[in-house]
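Visitor: I would like to learn how to read charged pairs and helix packing in a model. Where do we begin?

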Amino acid sequence: MATDMNLSFLASLQQERLGVLEVKRLCDGLCGRDELMQLADCVLAEDDRVARNAAWILTHCHDEAVACLQGYTDRLIDRAMHTDSSSLRRLTLHLLERLDYGAEELRTDFLDFCLEHMQRMDEPSGVQSLCMKIALKLCRLY
């Protein structure tokens, strides 16, 4: 891939659903940090389909690639807390669960969100379990 994501890659984010084989192929095609950052920007896009597909691809990236998203933590947290899409919330929480947190970066609103949503019966079990894992990770800082 070139430094800027090519049109076929961006077009793939517009598709209704991406299969796991295509996601892995796209993930393997990511060459560098700049492309990961562009994909992370797509997670923050207003179009839920683009955001969901971008997050789906990032969840299949190796840990070193996901670690590059550390600078996006606050924006990913905001995305997870304010989306109406439970699948986008789950995918974003999956990415957030894989990131590291320091005591100085603790957002109490995010901890409150996780504590509330891990108990909500209207949330899918995937969201509930990720909220539990993240809440534990945040509480361990203290």
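Visitor: Is aspartate 122 buried or exposed?

Guide: This is a predicted model. Aspartate 122 has 56% relative accessibility, so it counts as exposed, the cut-off being over 50%. Its salt-bridge partner is arginine 120, with the closest N and O atoms 2.7 Å apart.

Visitor: Which other residue forms a salt bridge with arginine 120?

Guide: Side chains of opposite charge can pair when their charged atoms come close. Here glutamate 116 pairs with arginine 120, the closest N and O atoms being 3.7 Å apart. Arginine 120 is partly exposed at 29%. Glutamate 116 is partly exposed too, at 45%.

Visitor: How many salt bridges does the structure hold?

Guide: There are 9. One of them joins aspartate 74 to arginine 107, at 3.5 Å between the closest N and O atoms. This pair links distant parts of the chain, 33 residues apart: aspartate 74 lies in helix α6, arginine 107 in the loop between α7 and α8. Aspartate 74 is partly exposed at 43%, whereas arginine 107 is buried at 18%.

Visitor: Now the helices. At what angle do the axes of α7 and α9 cross?

Guide: They cross at roughly 30° and come within 9 Å. Angles under 35 degrees count as roughly parallel, so α7 and α9 are roughly parallel to each other. The crossing is left-handed.

Visitor: Which residues meet there?

Guide: Among them are Leu93 and Leu96 in α7, and Val127, Leu130 and Ile134 in α9. The contact residues divide into 6 nonpolar, 3 polar and 5 charged.

Terms used
Residues numbered from 1 in each chain as written. Predicted model: local features only at pLDDT ≥ 70, side-chain atom pairs only at ≥ 80, totals over all residues. Heavy atoms only, no water. Axes fitted to C-alpha atoms, helices over the stretch in contact; angles between N-to-C directions. Helix = DSSP H or I, 4+ residues; strand = E, 2+ residues; numbered from the N terminus. Parallel < 35°, antiparallel > 145°, perpendicular 65-115°, else oblique. Left-handed = near helix turned anticlockwise from the far one by under 90°. Contact = heavy atoms within 4.5 Å. Nonpolar A, V, L, I, M, F, W, Y, C, P; charged D, E, K, R; others polar. Salt bridge = Lys/Arg side-chain N within 4 Å of Asp/Glu carboxyl O. Buried < 20%, exposed > 50% of the residue type's maximum accessible area, 1.4 Å probe, protein only.
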